[in-house]
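Let us walk through this model.

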Amino acid sequence: MPVNHDTSFVDHLPQNVAVLFLDRVQSSPGGEAFRYPVGEKDTWESVTWREAGDRVVDLAAGLLALGLQTEQRVGIASSTRYEWILADLAIMCAGGATTTVYPSTNEEDTGFIVGDSECQVVFAEDETQLAKLRACRSDLPSVGKVVLFDGVGSDDDGDWVITLDGLAELGAKHLAQDPEAVEKVARAIPADQLATLIYTSGTTGRPKGVRLLHRAWVYEGAAIKAQDILDETDLQFLWLPMSHSFGKVLLSTQLACGFATAIDGRVEKIVDNLGVVKPTFMGAAPRIFEKAHARIVTMTASEGGAKEKIFTQAFKVGLEVDRRRREGEGIPLPLKLQHALFDKLVFSKVRERFGGRVRFFISGSAPLNAEIASWFHAAGILILEGYGMTENAAGATVNHLEDYKMGTVGQAMPGSEVRIGEGDEVQLRGPHIMAGYHNLAEETAKTFTDDGWLRTGDKGSLDAEGFLTITGRIKDLFKTSGGKYVAPTAIESKFKVICPYTSQFMVFGAERNFCVALITLDPDAMTDWAAENGMAGASYSDIVSSEKVHSMVGGYVEQLNAKLNRWEGIKKWEILDHDLTIESGELTPSMKVKRNVVEENNKQRIEAFYG
């Protein structure tokens, strides 16, 4: 059923993120705010809003004691953890502007981001992050202090490095002299003050600093709250990089709605943590769902026999029941009885892998394949796909619990707008739009239309009810020498559903007479495959170059080609002897493929396809 939302909340937004947080502490002092793992055994500890509030105010006062001025930048170079949240909220409450640095960012780019933003203080996770800052210290004259989450630095650092506790102690002394210091600063921050500088990882060139105002983050949280999707009874599991706008928008949403969040940024622990935490929702990138789907499918296939037959039939029935429900058709009694049986035997076990309490997942940052979304839905797990970019504080559109369409990214957030511009480009307008790129006036001007809409660079369409479908990045679309247009991301997404061993599938063919592909296979999945196929202990490169794997992948490519138009078919392909990584420069820190880098690195290989 369509969901109507009153947009009047936009006229009554909290003034800024600091006030949003302080008001949440005041209204829910004894409620659980955060929980996080501690020690080797990962014992989960919980803190209330009041406890988090006290710590944040001390840290904010510490920043004020260090002389932080309005809108001055403070960096955070760390993985996702409780201390990241504390640091970010402290920066907000002290009137500064958080500048995010992925923990995987190399030394050169770390120096560029911290220098370009003129950070006065940097929160660094550990010795690894501190070493990057030390290496370029002479180029960072503005950085007066580094605050360490873990460790104490070295004697050579002198007073340049202090601990998080050390900053809190400075803050306590500052508050002893002026108890209202933080409150006064926080309440004086206007809505259009700079809150965050997020440097887009970018698939080409230097990262660009996106200037996001308090208004943008406050609006995002309020827009989710206005849709009644989440409330104080929910529990979020948060692993997403807080250096990315997707993670940041979930924090704004938490402050607006008041639910608790369990935090652990270790990607390899996601599945284990879901079983322990038992969240009601989680945000994730499609790769997480692709891997979970592939893992469940390959594990079942390896067991074979009756189990595999039951599993296959269960999803055949589940998908048919789902189709009938979506299309308003009746479900015959025999089908209904089969579905109830399979729910007990198969679907309940799939749900249990994610903790058993998930009401929905939110997928964003890249396109989610509709077949994978349907597969999860058949098992009783709803994935609400959304769409946005750093330049609009992450959330532009989202599907709703009671009004969603598989394969779309939902409708515009209440209080903002989406339109389709020239060349089918998706364009955005609303309170969530950036103030521009830091120190890049020409780049900023190019990103907006003459009438003030943000140009996303994505190709898409809107249906009669306002549901947005994304076709792909305009710059990634290519034309074959026969004049046919190809959307590589759509083909790549299809292959990931067909072949559960895939990590990456990259299609090329611009101005050529046919399409080719480079393939990488998931190392974890291939280790399991090797154990079952007489290659246990073999190296990754030996496994993926084996005739048996080549034959297996060839079968999947044939299945793919059967689903494609003739001009889209993959005529030649090759499996790379390594997976793509952030360290190799072939993936951005948010796990997007740098297509131009991969193409350049494999130039001769691709040329040989056409030789």
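**A proline and its surroundings**

Leaving aside neighbours within four places in sequence, Pro-488 is in contact (heavy atoms within 4.5 Å) with Asp-476, Leu-477, Phe-478, Val-507 and Arg-595. Val-507 lies 19 residues from Pro-488 in sequence, yet the two are 5.5 Å apart in space, C-alpha to C-alpha. Pro-488 is buried, with a relative accessible area of 2%; buried means under 20% (1.4 Å probe, protein chains only). Pro-488 sits in helix H16. Helices are DSSP runs of H or I, at least four residues, numbered from the N terminus.

The model is predicted: local features need pLDDT of at least 70, side-chain atom pairs count only at pLDDT 80 or more, and totals for chains, interfaces and linings use all residues. Residues are numbered from 1 along each chain as its sequence is written, and side-chain values use heavy atoms, without hydrogens and water.

Now the helix pair. H2 (residues 49-65) and H6 (residues 164-177) pack at about 80 degrees, with axes 6 Å apart. Axes are lines fitted to C-alpha atoms over the stretch in contact, and angles run from 0 to 180 degrees between N-to-C directions. H2 and H6 are therefore roughly perpendicular, a term for 65 to 115 degrees. Their contact includes Leu-59 and Leu-63 of H2 and Leu-167 and Leu-175 of H6.

Last, the second largest pocket. Among its 22 lining residues, the closest to its centre are His-293, Val-297, Trp-375, Val-497 and Ile-498. Lining residues have an atom within 4 Å of a point on a 1 Å grid; a pocket is an open set of points where a 1.4 Å probe fits, with protein on both sides within 12 Å along at least five of seven lines. H12 gives the most to this lining, 5 residues.

Terms used
Helix = DSSP H or I, 4+ residues; strand = E, 2+ residues; numbered from the N terminus. Parallel < 35°, antiparallel > 145°, perpendicular 65-115°, else oblique. Buried < 20%, exposed > 50% of the residue type's maximum accessible area, 1.4 Å probe, protein only.
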